[in-house]
Amino acid sequence: METIQVLCNKLAVSLHPWMSEIATALVACVLIVLAPDINRALQRLVGARHFVVRTSLFILINAFGFGILIVWLAPQLAAGLRGLTGTWLVPVLVLSFIFIGVWAQRQRQL
């Protein structure tokens, strides 16, 4: 068990400089899995509107809305991940990406 902790600590030290990118990847992956549901809800709300309105709202939500969420949430998540000890950081990251992958699989996105 101590060997695993030492390996996790060493890996965590090497991941620390990349925490912003890792957090951005996590947030982006979650948004990718949620995007079809968000777009479906948007379509129900504005489906009967003019083409220009539907297209404009789609662009606003997908480009700017998702972009703002990534820009705002990724630093928050990175700060939280930096607060974890090396023993916890690696398992949390691995399990987070596995969870998102399983979730995407269940949403039939893989």
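Biologist: How are residues numbered, and which pLDDT do local features need?
Modeller: Residues count from 1 along each chain as its sequence is written, and side-chain values use heavy atoms, without hydrogens and water. In this predicted model, totals for chains, interfaces and linings use all residues, side-chain atom pairs count only at pLDDT 80 or more, and local features need pLDDT of at least 70.

Biologist: At what angle do H1 and H4 pack?
Modeller: Helices here are DSSP runs (H or I, at least four residues), numbered from the N terminus. H1 spans residues 2-15 and H4 spans residues 86-106. Their axes, lines fitted to C-alpha atoms over the stretch in contact, lie 7 Å apart. The angle, on a scale from 0 to 180 degrees between N-to-C directions, is about 75°.

Biologist: Which word describes H1 relative to H4?
Modeller: Angles under 35 degrees count as roughly parallel, over 145 as roughly antiparallel, 65 to 115 as roughly perpendicular and the rest as oblique. The angle of about 75° therefore makes H1, relative to H4, roughly perpendicular.

Biologist: How many nonpolar residues are in the contact of H1 with H4?
Modeller: Contact means heavy atoms within 4.5 Å. From H1 come Gln5, Cys8, Asn9, Leu11, Ala12 and Leu15; they meet Gly86, Thr87, Leu89, Val90, Pro91 and Leu93 in H4. Nonpolar covers Ala, Val, Leu, Ile, Met, Phe, Trp, Tyr, Cys and Pro; charged covers Asp, Glu, Lys and Arg; the others, Gly among them, are polar. No residue is charged, four are polar, and the nonpolar ones number eight.

Biologist: Is Leu7 buried or exposed?
Modeller: Leu7 is found in H1. Buried means under 20% relative accessible area, exposed over 50%, partly exposed in between (1.4 Å probe, protein chains only). At 55%, Leu7 is exposed.

Biologist: How far apart are the C-alpha atoms of Pro91 and Cys8?
Modeller: Pro91 sits in H4. Its relative accessible area is 28%, so Pro91 is partly exposed. Pro91 and Cys8 are 83 residues apart along the chain, yet their C-alpha atoms are separated by 8.0 Å.

Biologist: Which residues beyond its sequence neighbours does Val92 contact?
Modeller: Val92 belongs to H4 and is partly exposed, at 29%. Neighbours within four places in sequence are set aside, which leaves Leu81 and Leu84.

Technical notes
Helix = DSSP H or I, 4+ residues; strand = E, 2+ residues; numbered from the N terminus.
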